[in-house]
Amino acid sequence: MTNKLIVAPTMKAWVEQAVDHIVGQAKRAIQSKGRFSLVLSGGSTPKPVYQRLAEQDVSQQVNWGNIFLFWGDERGVPPNHPESNYRMAKESLLDHVPIPADNIFRIRGELPPAQAAEDYESRIKTFFTANEKRFDCILLGLGEDGHTASLFPGTPGLTVADRWVVENPHPATGSWRITLTYPAINATRSLLFLVTGENKAAIAADCIQNPNSPPDYPAKKITGSETRPIWLLDQTAASHIIGVN
Ligand code: 6PG
């Protein structure tokens with residue numbers, strides 16, 4: 001399954017493209033089945049997208065009572081920790097939209113890693129129904145080493161095929177992360193990579209243009225199932241892609 005590339009001319013346009021995709025997916029899911037499950041990405045890249053989603057002219061377009069939020073990964077820290085992906089989303093989005101607390105499926109990074117992973121997986125499975133066993137939309141970041149979520153090169157989490165959530169170590173620091181696995185991510189209906197910045201240009205170009213060639217960066221294994229992954233880049237992140245001016 002090849003990747004679909006969108007290059008936004010400015011950062012403002014990049015944010016609007018991301019928001020339009022998410023809101024469009026939400027409207028379609030809510031119209032067809034009454035609810036929309038969105039998996040948020042961590043790191044710093046998505047923060048302006050979350051902030052835009054929280055602005056009234058956008059947030060009022062959807063019923064937040066029908067939206068259910070998850071995370072693709074979390075650091076092994078409490079929710080108020082500066083490195084918490086939940087904290088970033090709370091400050092930029094959750095505190096500014098009328099989403100019920102029960103609709104927020106925070107990864108409990110304060111728990112021991114294995115317990116946090118089991119707890120999150122259990123809550124995901126309870127959320128799903130017999131007819132709906134996958135997320136509607138997932139937002140994904142890209143690390144300069146080709147990781148996505150907390151699926152880092154050379155780590156055990158890459159080989160997990162029988163679980164949806166696993167604890168996985170950060171290769172440089174050894175600190176624990178809790179992450180969705182390839183099966184969970186690839187089952188998702190709509191997959192959106194959000195990538196900006198010159199520092200991501202080389203790795204993004206390789207992942208997008210050579211998805212089936214070495215090096216087998218973890219992000220290359222994100223193939224989707226029902227639809228092709230969409231890569232939404234700003235001009236700087238797309239600067240190494242052939243044919244993109
Ligand atoms: C995390 C993310 C991770 C992130 C990339 C890019 O917990 O850090 O889930 O996969 O998306 O590392 O991070 P930046 O957006 O900060 O460059």
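A pocket here is an open set of grid points with protein on both sides within 12 Å along at least five of seven lines, and a molecule sits in one if more than half of its atoms lie within 2 Å of its grid points. With that in hand, welcome to the tour of this predicted model.

**Stop 1: the ligand.** Select the ligand to begin; its place is the largest pocket. Now show the residues around the ligand: there are 15, and those that come nearest are Thr45, Asp73, Arg75, Ala149 and Lys200.

**Stop 2: polar side chains at the ligand.** Pick Lys200 next, where a polar side-chain atom lies 2.7 Å from a ligand oxygen. Move on to Ser44, which places a polar side-chain atom 2.8 Å from an oxygen atom of the ligand. Then select Asn85: an N or O atom in its side chain is 2.9 Å from a ligand oxygen. How much of the ligand's own 410 Å² of accessible area does the protein cover? The figure is 86%.

**Stop 3: salt bridges.** Zoom out to the whole structure, which has 18 salt bridges. For one of them, select Arg52 and Glu55, whose side chains meet with N to O at 2.5 Å. Are these two partners buried or exposed? Arg52 is buried because its relative accessible area, 15%, is under the 20% cut-off. Glu55, at 39% relative accessibility, lies between 20% and 50% and therefore counts as partly exposed.

Finish by selecting Lys125 and Glu121, another salt-bridged pair, with their closest N and O atoms 3.0 Å apart.

Notes
Residues numbered from 1 in each chain as written. Predicted model: local features only at pLDDT ≥ 70, side-chain atom pairs only at ≥ 80, totals over all residues. Heavy atoms only, no water. Near = heavy atom within 4 Å. Polar contact = N/O pair within 3.5 Å; in protein donor to acceptor, adjacent residues only side chain to side chain. Areas by Shrake-Rupley, 256 points an atom, 1.4 Å probe, with all protein chains shown as cover. 1 Å grid on protein atoms, 1.4 Å probe; cavity = no way out; pocket = protein on both sides within 12 Å on 5 of 7 lines; lining within 4 Å. Salt bridge = Lys/Arg side-chain N within 4 Å of Asp/Glu carboxyl O. Buried < 20%, exposed > 50% of the residue type's maximum accessible area, 1.4 Å probe, protein only.
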